[in-house]
Amino acid sequence: MDIKKLISKISKVYSMDIKISEEVANLLKDNGLKAEEMEKVIKDAEESGKKLESKDGSKCLAKAEDDNLTCYALYSASNGGFSLDSGYAHKMKMVGPTGGEFNVEAADEADWICKKCNENAIEANVDMTYLGVTRPGNAIVCPKCGDMYLGEDMVPTIKGAEGILEEKRG
Amino acid sequence: MPAEDFAPINSEWLEKAGNLWTTPFVDKPSERVIVDPILLSHAAALFKKTPKYFWENPDEAARMVCQACELYDITPVGHYLWADYWGQDYGAEIKIQETSPPAITKYPIKEPEDIDKFEVKSPEELKEGPTFKDHFKALDTVLEEYPQMFAPITQLAGPMEVATNWAGIEDVFMWMITEPEIVDKLIVKATEHMVNACKVTAEKYGANVMITGSVVASGDLLEREQIKRFSYEPQCKAVKNVLKAGAGPGIYYHLCGNHTNSFDMWKDAPMSPFTVVQVGNDGKNVFPSSKLVEHFGDRCTCFGVVDTKLIDRGTPRQVYDQTAEQLQAGKDSPRGFIIGSSCECPTYAPPANVHAMVKAAKDYGKYEKF
Ligand SMILES: [Zn+2]
């Protein structure tokens, strides 16, 4: 990519218009997330290409993680910018494939594509660690680069598990 | 027997048993492995009641199970269920039997043509149906009278098991050969039912532990490819959909019977942080804990087993020795270990044999990993 194109891409990202509806803003509040965090997740994903894209191309899922929290932005393109459709987070930290490696052959294909690798993502168990306990969770995984994402519909399961671990281990 | 007929549960015992029970799931150190002999109507026998009485009186059944947990010093959880669940909700007739669990006598699906017309009940319909009426009567009794022994269980077994409670097992097995596509359709309906049933429990209690797995679909009756097609794959979909519906987080894969030809498939079954896998038999033998831990130990909590036939017909010494052997091979499994019976504790198993399992756990089940 030449410098001009790169600058144009970066400036596009930085001038990125990200819409957050009132409904989504309330959801973020409920999930303890800030709009700025979500905007950064989207900007970073658009810049690096590290994200999942739904097979029909309508939605993207990107994440940012530190030691304590993994935040997700589910978003879509809208009028040259983006609109945030949902934001969620979990405290259990994904550490790698359950059992040491992904059994790609046995796994169901997910409805997502790893944009970076242009590879169909799969649904597989990944090890998740929290409060010194490591156990599996069902996630969306790129079989090529190994990136792991928690689908929004698995959030209640993982939140439920976090609650039990906090009660029993906290 | 109403609540006031029972002696109070010792709170010190309950706290200690609760800690033993928690360890395999959250790695919180405790002294030893807990024993879960899957107690149901055996509890009734301890109170000189019949299986018929047990299943006809879910509230009393729950009390007897809770009391038996203290008596034996085993997993402090109140259970109530039987294998032929869900038939009645769809029009099956059941017979309450004197000495064994209720059994279906007339199935709602009689011909392959019935499958297309067969409609899966909604969560709202199931909630008001006969199966949940009794099941929740038992669970509510535990919740009210023994709150620390409560677990929000939904009894399903796998799609094959649900399907064979809708249509006779001989018919389903015949259709598998003559019209397998129609069995696929039936199984899809069974998986939808599984999701709806779990939703009901999760909505009522805020969480759900699904008992799933494979009983009918075992290596004694089916080939690996048949188990994969009619049990494993649809079940994986069902479990994912249950979790996606928010009806987790507990998953208990109960692989009853001989699973030599298929147990390894389940390593990739969808798991939540609270997943237990139990395999009954390896050919004619009890499934070795060493093999269970080798394949599942780095994945989920392992439920090692003692042969139910041995618990029923063996001597206390034989039960003690097999429990000790299984414990030594499995107790320090990295993601937790439970020792129990390979299936439901037989109603008239000698109490001395159940006690022998607990005795072995005290002698050979002490953790070394903590
Ligand atoms: Zn990738």
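**Exercise 1. The largest nonpolar core**

How many residues does the largest nonpolar core have, and which have the most contacts inside it? State also which helix of chain B gives the most to this core, and where the core lies relative to the domains of chain A.

*Solution.* The model is a predicted one.

Step 1. The largest nonpolar core comprises 156 residues. Those with the most contacts inside it are B:Phe54, B:Trp86, B:Met160 and B:Trp166.

Step 2. Among the contributors, helix H10 of chain B (residues 180-205) gives the most, with 12 residues.

Step 3. Both domain 1 (3-90) and domain 2 (94-169) of chain A give residues to this core, so it lies between them.

Step 4. Apart from this core lies another, of 17 residues, which include A:Leu28, A:Leu33, A:Cys60 and A:Ala73.

**Exercise 2. The domain contact in chain A**

Describe the contact between domain 1 and domain 2 of chain A: its residues, its buried area and its salt bridges.

*Solution.* 

Step 1. Chain A is divided into domain 1 (3-90) and domain 2 (94-169). Taken over C-alpha atoms, the centres of these domains are 20 Å apart.

Step 2. Domain 1 of chain A puts 18 residues into the contact, and domain 2 of chain A puts in 23 residues.

Step 3. About 1800 Å² is buried between the two domains, and carbon and sulfur atoms give 60% of this area. On the domain 1 side, A:Leu52, A:Lys55 and A:His90 lose the most area, together 36% of what that side buries.

Step 4. The count between the two domains is 3 salt bridges and 13 residue pairs in polar contact, both residues at pLDDT 80 or more.

Step 5. Strand S2 (52-54), strand S3 (60-65), strand S4 (70-78) and strand S5 (81-90) of chain A each supply at least two residues of the domain 1 side that touches domain 2.

Note on methods. Residues numbered from 1 in each chain as written. Chains lettered and ligands numbered in written order. Predicted model: local features only at pLDDT ≥ 70, side-chain atom pairs only at ≥ 80, totals over all residues. Heavy atoms only, no water. Core = buried A, V, L, I, M, F, W, Y, C linked by side-chain atoms within 4.5 Å. Buried < 20%, exposed > 50% of the residue type's maximum accessible area, 1.4 Å probe, protein only. Helix = DSSP H or I, 4+ residues; strand = E, 2+ residues; numbered from the N terminus. Domains from an automatic or database assignment. Contact = heavy atoms within 4.5 Å. Buried area = accessible area lost by both parts, 1.4 Å probe. Salt bridge = Lys/Arg side-chain N within 4 Å of Asp/Glu carboxyl O. Polar contact = N/O pair within 3.5 Å; in protein donor to acceptor, adjacent residues only side chain to side chain.
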